[in-house]
Amino acid sequence: MTVRKLPVFLLIFSSIFSQRLAVAQAPRLPWAPGEQKAQQDFEKYQNNGDFANAEVAGTKLVWIAQKYRGREHPDTAMRLTQLALFHSIHTGGHEKATPYYQEAISILKKHFGHDHQNLAYPLMNLAENYRTRGFYADAEPIYAEALRVAENRLGPGHMATSTILHNFANLYVNTGDSAKAELYYLRSIRIKEEQQMGLANPELAMTYGNLASVYYKSGQYQKSEWYNMVALKIRKKLGITDSPDLAFNYSNLANVYLATGKFSEAEPLFREAIRIYEFKGDVSPYMAFPFHGLGEIYFSRGDYGNARANFDRALEIRETQLGLTHPDTAKTLTYLALVSYLGAAPKEAVGFARRSSEAKLKNLENVLTFTTERERFAFLRGAEPYDILATLKAGEETANAILAYKGIVLESILEDRRMLKALSSPALEASVKRLDELKSRLKPVLVNTQSRKQNLTGITAGKLEFEKIEKSLARSISGFGNTRGSLSITYRQVALRLPNDMALLEFIRYRNHFDKKNDWYGVVVIRRDRKPKFVSLGPANSVESEITAFREEIAKVAYGESNNEEIERRSKILDKLLINGLQAHLVGINKLIVCPDAALNFLPFASLLDQNNRFLAQRFSVYYVASGRDLIAKVVPSDRQTGAPVIIGNPNFEMVNNPPGNVADPKEPQGAFLLALRSGFRSENGKIQLAPLPGTGIEVTRIKEVIETNSTGKNEVITLSGDAVTEQAVRNLEAPVIVHLATHGFFMEDTCHSGAESISGHFQNPMFRSGIALSGANDTFTAWNQNKVPDMENDGILLAAEVSALNLSGTQLVTLSACNTAMGDIVSGEGILGMRRAFVMAGARNVMMTLWEILDDPTPEFMDDFYRRYLKIGNAPEALAQVQREWLMRLRKESGTGAAIYIAGGFVMSAQAQSESLPR
């Protein structure tokens, strides 16, 4: 399923009409010598399909205009646009057309200015040229300029505005931003309907058809079928029988049937589309869709010969018309890999799969240069970067793809920040500062519905400003030649950084093309002395249900309801599913670097038990990274000296120094979010309060003493407790060497939010639902329970979004001694969106977190042991691995397996961008 630009004759008419307006305002001139004949030849050769001679005639028309009108005359611009459109439409020469479009626009801007209505269509055509070639970063600002000109000069309800909105929406379909695509298509439709075009209009049919493609891509097949049927009805009412637009409509509808398993309904539509294209001689990119669709039908029947023939034809068209790296080309390459693997040419399969992955990589690199974080996630959701390679179990190729893609959104944001810092531009620094300010001002109200509604307007406006600044910064960076170096990293580079006794386990959740019902988990084992091996671990649902069951059993420990035998049984099942099958690839290995994916991020690997009843921590030293790239990442030195350690704990949650305002309707129902809250929250009569944590005060004192006693360097330690633990105090931190936070942590599910109550999807961002509690937090909850809104910038609740704006560049270790700080929303291939991500974005190199609620009593002692070991050996991940192993074994003997895992197993540490953090 894809989108298509407006019908060819409309594009030609619109563009030439726009240019003719420019000519009309210039002195009318008679035909220049030879011009009329050249125009007649140009039209005749196009109608006859003689494109070689048509190009000669079109080029002659440009030459005549330049000679007799002048190189900067509007008529010359019109002729350049004519020639550019000819190449775009008939020869597939989009690259050849680009300089003609650019020169025409330059002429018109010089003649009429930069804001004249005559620029609307030429700008749109240039943007379409870039979009068709997959140059989305180049296309977007030109579409935006065309839309601005059309809205300002022709009006928001003008048909030119509708046309540009339609094509702009096509771009967002290509980049995976379905929400924006749907919005722009609907706006385009509304203009057409307000212009009383009536249903029997081909433009309206095209927009209906493209909107159907948006619903198709998002899995809303019923909506997609309905809009496709409406578009088809319009075209039949117009008497269209052999139009390429009708063939396009047939292909789109057939794709819906294909996706829903209605092959008998899809096949005749694909065949009719092919008949029309061949009858009309229209070898356009859209002709590839029915061939590809038929290939999928034959593939599903096991008829690999006919499937291969149709896929070959689709690939030929797509590579010629769209290029080697277009997303549609990548899709056909994926199917060629599958049909080759199952058919008569299995040796070709990996080659096709590699080409598919490389094409997707190129598209991702393009998208990362101009988009916001939200848009990058939207594109990545449909990218499926390594699924075909994993399906074929291609070890080396899968390893390279994982290292390129996994965690790339976070990595690209960190790269952007490093580049912004290196540029030292006051204007860019001001934009970054404004982004950080908005993170606090966009903080949603977590409890009361009415209070959220009051903030709706401000939050929506703030989100728009936030994304506008993000996009502007991304473009500024790309203008200075920023490249995504992480996309070119190979497994060989990573393997060379591994000692002979260490292995990297890169886990992934992927779509197995041989199992239509389930995603799967798999792992690539990378070590220095062998080639990477990919191992399939089975359906994701099976693994994830076992993780859930294991965590549920562990949670019972805190309430004295644990069953050691059941915990051990569950732990052994998970070890068998995830680790046991790797034994042949781990011979001679005693250190494991685990890079989890999806729900595996919620699993304490060190606590898994093998069939001999040994913890994984007894067999291996276990470390964690967000991506294998971290093993070769260079540490970016801080521009300032690292500060003294800061130990924070025992906040005064009842500070009562932050008077609330914004009184809301007292009739609003209370406590709408109680079921979503985790870890340490206490509810009384529908009110939310935080229980005191006296153990954190002990923890602060003990850690201060340990650091002052065992530190060989500067032994000054800053402590914050009680009323001093404010948001402002945390924001004022300037890269302390250590930050220790002992307090309540929380993560809120998004299940309670929908429609307007989600504040335009604001709660969909988990960085606004994950946080830690500081002094005055209970005052804020009290205010919310009374339908009031306190000062959001100092309300005692520090969200992950706010943490990401802290200055922790150079901070060696952040310890989050709070409940559930490793929790967040799962994004396959990107890890967990929550506190860990926030502290990494802030600059921290190692972040220690918790996988569940931790007890206030034994935690200070665990932290005491950890810091003593860390200060002794100078390596935080290794210190945790050693102390965790010792505690697991000792507590198991003293209190049982459940208590051991609950107390000591829930701590994990993620090392980021510092290979020196891991043992060599």
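Me: Hi! Before we start, what does "buried" mean here?
Reply: Buried means under 20% relative accessible area, exposed means over 50%, and partly exposed lies in between, using a 1.4 Å probe and protein chains only. By that rule Cys819 is buried, because its relative accessibility is 9%.

Me: And is Cys595 buried or exposed?
Reply: Cys595 is buried, since its relative accessible area is 0%.

Me: Good. What should I know about the model itself?
Reply: This is a predicted model, in which local features need pLDDT of at least 70 and side-chain atom pairs count only at pLDDT 80 or more, while totals for chains, interfaces and linings use all residues. Residues are numbered from 1 along each chain as its sequence is written, and side-chain values use heavy atoms, with hydrogens and water left out.

Me: Back to cysteines: how many disulfides are there?
Reply: The count is 0 disulfides, where a disulfide is a pair of cysteine sulfur atoms within 2.5 Å.

Me: New topic. How many cavities of 30 Å³ or more does the structure hold?
Reply: There are 8 of them. A cavity is a set of points, on a 1 Å grid over the protein atoms alone, where a 1.4 Å probe fits but cannot get out; lining residues have an atom within 4 Å of a point.

Me: How much space lies in the largest cavity?
Reply: About 410 Å³. Volume here is the space filled by probe spheres set on the points, with grid points joined across faces, edges and corners.

Me: Which residues lie nearest its centre?
Reply: Asn601, Val625, Ala626, Arg836 and Ser910, out of 32 lining residues. That lining divides into 15 nonpolar, 9 polar and 8 charged residues. Ala, Val, Leu, Ile, Met, Phe, Trp, Tyr, Cys and Pro count as nonpolar, Asp, Glu, Lys and Arg as charged, and the others, Gly among them, as polar.

Me: Which elements supply at least two residues each?
Reply: Helix H21 (408-423), strand E5 (621-625), strand E16 (831-834), helix H33 (835-842) and strand E18 (907-911). Helices (H or I, at least four residues) and strands (E, at least two) are DSSP runs, numbered from the N terminus.

How values were computed:
On a 1 Å grid over the protein atoms alone, a cavity is a set of points where a 1.4 Å probe fits but cannot get out, and a pocket is an open set with protein on both sides within 12 Å along at least five of seven lines; lining residues have an atom within 4 Å of a point.
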